[in-house]
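Q: I would like to learn how to read a few features of a protein model. Can we go through them one by one?

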Amino acid sequence: MSTLFNVIKWDEQSADDAQKNFPVNRVQAEYQIDGDLQGTARVEYLLYYLESNMEDGHLATARIVGFLHFEGQYKGKTGTFTAAEKGIFDKGALDSPGMIINSSGELEGLEGSYQYDFIDETSKLILDLKIAE
């Protein structure tokens, strides 16, 4: 099952400008999500750049770790969840699956994972989620 999302905020800053041999950036992002999953996700990422392209960031390569905090609904149930992500962004392709680590509200007991899928201008989350009984 998949759901669409739009990046509505992406604020990326160097973790330490004084350390040129430490190519790590901090990112605060926000996604608007619409589909089986509906709501807003706030994300905190650390990106370690292995290869950078200043003219076009989509051509960069970076290791990624982060946390996503979702607020909204999943299949009509309201609540929140937090997921941990770890992976790589390589020249426009993102392989950084997220794993649910905590949930609350009517989503308490939610478990599973998701992956990102980008096709042309479409951004999707491929969901593998279920609420434990």
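**A surface patch and an aromatic cluster**

A: On the surface, Phe 67, Met 99 and Ile 101 form a nonpolar patch with about 320 Å² of accessible area together. This is a predicted model, where local features need pLDDT of at least 70, side-chain atom pairs count only at pLDDT 80 or more, and totals for chains, interfaces and linings use all residues. Residues are numbered from 1 along each chain as its sequence is written, and side-chain values use heavy atoms, with hydrogens and water left out.

Q: Is Met 99 buried, partly exposed or exposed?

A: Buried means under 20% relative accessible area, exposed over 50%, and partly exposed in between (1.4 Å probe, protein chains only). Met 99 has 46% relative accessibility, so Met 99 is partly exposed.

Q: How many aromatic pairs does the structure hold?

A: Rings of Phe, Tyr and Trp (its six-membered ring) pair if their centres lie within 6.5 Å; planes under 30 degrees apart count as stacked, over 60 as edge-to-face and the rest as tilted. The structure holds six such pairs. One of them is the tilted pair of Phe 5 and Tyr 31, at 4.9 Å centre to centre with 40° between the planes.

Q: Why does this pair tie together parts that are apart in sequence?

A: Strands (E, at least two residues) are DSSP runs, numbered from the N terminus. Phe 5 lies in strand S1 (residues 2-14) and Tyr 31 in strand S2 (residues 24-34), so the pair joins parts 26 residues apart in sequence. Phe 5 is buried, at 3% relative accessibility.

Methods: Patch = residues over 30% accessible without salt bridge, like charges linked within 9 Å, V, L, I, M, F, W, Y side chains within 5 Å. Areas by Shrake-Rupley, 256 points an atom, 1.4 Å probe, with all protein chains shown as cover. Salt bridge = Lys/Arg side-chain N within 4 Å of Asp/Glu carboxyl O. Helix = DSSP H or I, 4+ residues; strand = E, 2+ residues; numbered from the N terminus.
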